[in-house]
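Please open the structure in a viewer and keep the selection tool at hand.

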Amino acid sequence: MAKRFLLPLIAFFLITLLACRGTLQVGIEQTPAPDHAATATLTALRAENAILATRVAALTTPVAAIPNLGKVAFVQGGDIWIKSLRDAKLERVTTDGRNSEPRWSSSGDWVAFRKERQVLTPRFAPCEIPSMRQENCRDLATTLQKQLWVAETLGNRTRVLNQGLTVDAFAWSPLGDQLAFVSEGVGLRLFDPDSATLTTLVALHSDEPTFGRVGKIAWSPDATRIAYEWLQSDSAAAGIWLVTINPTQRTQVYVSDPARRGDAILGGWMPDNQSIFFWHGETRATLVSDGVPLFATRADQNSATPARLADASLAYADFVAPAPARSNAGSRNLVAVASGLGAGTWANKRVETTKTLTPPGIAAIAPQWSPSGAQIAFVAMPQRLNLSIGDDTLQELMQRRIWIANAFGEREPQRVTNNASYRDERPLWSADGNYILFARLDRQGRASLWLITVNNNVTQLMIDELTPAPDPFGFYGHVDWGALFDWWRGAAR
């Protein structure tokens with residue numbers, strides 16, 4: 001009975017309370033009426049976003065995924081590093097900061113490099129107080145050794161060659177992991193890193209009337225022979241020689257006759273695997289200061305009258321490029337030459353094969369064939385005939401760009417880079433011919449490596465720092481980029 005009267009009483013109390021405070025609304029929820037102004041605003045914003053997205057897409061070139069382009073060994077902070085161009089994986093090879101000139105083996109399993117070390121070596125000098133029996137005293141002197149090291153890229157094996165003594169020249173076989181090097185005081189030797197064996201190919205003999213030595217070296221394309229310079233003043237033995245690998249046999253192919261005709265500097269091999277090219281001038285100094293004729297001679301005979309390839313060229317390794325051996329250009333036994341007299345690389349320089357490929361008004365250097373032999377990449381800038389070493393020189397050199405020419409002069413060359421913030425150098429083709437890796441210097445002299453896609457000229461930064469950076473002047477504008485990086489583009493076929 002009490003509950004029957006309690007519920008109506010509670011309801012009455014609530015109704016009275018709400019009546020005092022406001023209105024109690026009781027009803028069913030309804031869908032609100034559409035706001036047409038808000039809908040129109042949202043539609044306009046979506047349309048504007050679509051327009052902006054289209055504009056951004058037009059201004060931004062999409063970066064395609066990079067295929068497997070191999071790996072680069074480079075110098076950063078004085079140490080050797082390795083970077084894959086596909087996945088950007090980094091590997092540090094050295095940690096002492098005194099390394100340069102990385103060079104890949106054919107398989108990409110090994111990298112050779114130089115290491116500079118100051119060592120104490122004994123010497124004999126006059127004694128301050130000579131005695132009756134001893135007029136010379138033993139002393140210690142500081143000597144800079146340019147050592148040769150090899151490191152395995154897939155393991156931790158690292159070793160120094162030639163017992164840590166200076167190595168003058170070194171080069172990997174183009175078809176196998178064999179490293180030829182010139183040992184000071186020993187001769188030309190061959191090292192197999194897998195078996196750790198050493199073979200002497202050319203031994204020095206100190207008992208000869210005039211002691212000679214081995215200079216530059218170059219492997220034949222089929223890896224069966226090595227051409228080398230034999231440097232010996234006032235001797236008919238001076239000139240270009242060959243040594244076969246197995247069995248070892250030496251043959252002189254060109255007599256330089258330094259007493260009457262000057263010196264010969266070895267360049268390399270022609271595409272046919274049968275001829276060798278070299279520079280010949282009055283002295284070795286003129287070969288790198290003014291430019292001298294470039295010749296080729298047969299490797300199977302001693303020729304007194306070699307064929308002339310160019311009237312004048314500076315004796316730099318990147319000034320002459322043989323055509324790829326298995327390409328159409330290689331079958332014609334062609335080389336591309338940066339020719340022209342004068343030490344300055346900013347004037348009187350042009351790229352030639354059987355004809356001049358570069359247009360007038362530019363100074364072109366560093367030719368490089370594409371793998372197919374159809375194109376040649378090179379570096380060029382507006383020609384400056386009266387330029388000398390000074391502050392203006394660096395500003396003019398900032399105009400260097402990468403160009404590509406048809407290898408047979410059938411079309412006009414095309415410039416493929418054009419960023420005024422950089423100076424472009426040393427173009428190298430990828431194995432598939434679709435990319436070019438090249439070096440850059442900015443206005444502060446900072447060096448870096450970039451990759452450009454040949455078909456649409458899209459550039460990507462690959463390595464942001466090469467240090468110590470090279471002198472931007474170089475030698476009259478020529479920079480030795482081989483001291484800072486090397487590109488393994490895949491195993492040799």
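Is strand 18 (residues 292–298) largely enclosed by the rest of the structure or open, and how many of its seven residues are buried? Six of the seven are buried, so strand 18 is largely enclosed by the rest of the structure. Here buried means under 20% relative accessible area, exposed means over 50%, and partly exposed lies in between, with a 1.4 Å probe and protein chains only. Strands (E, at least two residues) and helices (H or I, at least four) are DSSP runs, numbered from the N terminus.

The model is predicted: local features need pLDDT of at least 70, side-chain atom pairs count only at pLDDT 80 or more, and totals for chains, interfaces and linings use all residues. Residues are numbered from 1 along each chain as its sequence is written, and side-chain values use heavy atoms, with hydrogens and water left out.

**The whole chain**

Of its 493 residues, 46% count as buried. The chain exposes about 26,400 Å², of which carbon and sulfur atoms supply 53%; accessible areas come from the Shrake-Rupley method with a 1.4 Å probe, and for residues only the protein chains shown count as cover. Among contacts (heavy atoms within 4.5 Å) with a separation of 6 or more, 46% join residues 24 or more positions apart.

**Strand 18 and its partners**

Ile276 has Thr297 of strand 18 as its bridge partner.

**The nonpolar cores**

Select Val72, Leu466, Trp481 and Phe485. They have the most contacts inside the largest nonpolar core, which has 32 residues. A nonpolar core is a set of buried Ala, Val, Leu, Ile, Met, Phe, Trp, Tyr and Cys residues joined through side-chain atoms within 4.5 Å. The strands that each supply at least two residues of this core include strand 1 (71–76), strand 5 (110–126), strand 6 (136–152) and strand 30 (459–466). Centre the view on Leu466: leaving aside neighbours within four places in sequence, its contacts include Phe74, Ala447, Trp481 and Phe485. A second, separate core of 19 residues includes Ala169, Leu201, Trp230 and Ile245.

Select Gln147, which is placed in strand 6. Gln147 is buried, with a relative accessible area of 5%. Not counting residues up to four places away in sequence, Gln147 touches Phe113, Arg114, Lys115, Arg117, Val160, Gly164 and Leu165.

Move to Gly239, in strand 14 (residues 239–244). At 4% relative accessibility, Gly239 is also buried. Residues touching Gly239, beyond those up to four places away in sequence, include Tyr228, Trp230 and Tyr254. Between Gly239 and His280 the C-alpha to C-alpha distance is 9.8 Å, while 41 residues separate them in sequence.

**Salt bridges**

The structure holds 13 salt bridges, each a side-chain nitrogen of Lys or Arg within 4 Å of a carboxyl oxygen of Asp or Glu. Select Glu396 and Arg384, whose closest N and O atoms are 2.7 Å apart in a salt bridge. Glu396 lies in helix 5 and Arg384 in the loop between strand 24 and helix 5, so the pair ties together parts twelve residues apart in sequence. Arg384 is partly exposed, at 28% relative accessible area.

Which residue meets the side chain of Arg400 in a salt bridge? Glu425 does, at 2.8 Å from N to O. Arg400 lies in the loop between helix 5 and strand 25 (401–406) and Glu425 in strand 27 (residues 422–429), so this pair ties together parts 25 residues apart in sequence. Arg400 is buried at 1% relative accessible area, and Glu425 is buried at 4%.

Finally, select Asp96, Arg98 and Lys115, which salt bridges that share partners join into one network. Within it, the side chains of Arg98 and Asp96 meet at 3.8 Å, N to O. Arg98 is partly exposed at 41% relative accessibility, as is Asp96 at 27%.

How values were computed: Two strands pair if DSSP finds at least two bridges between them.
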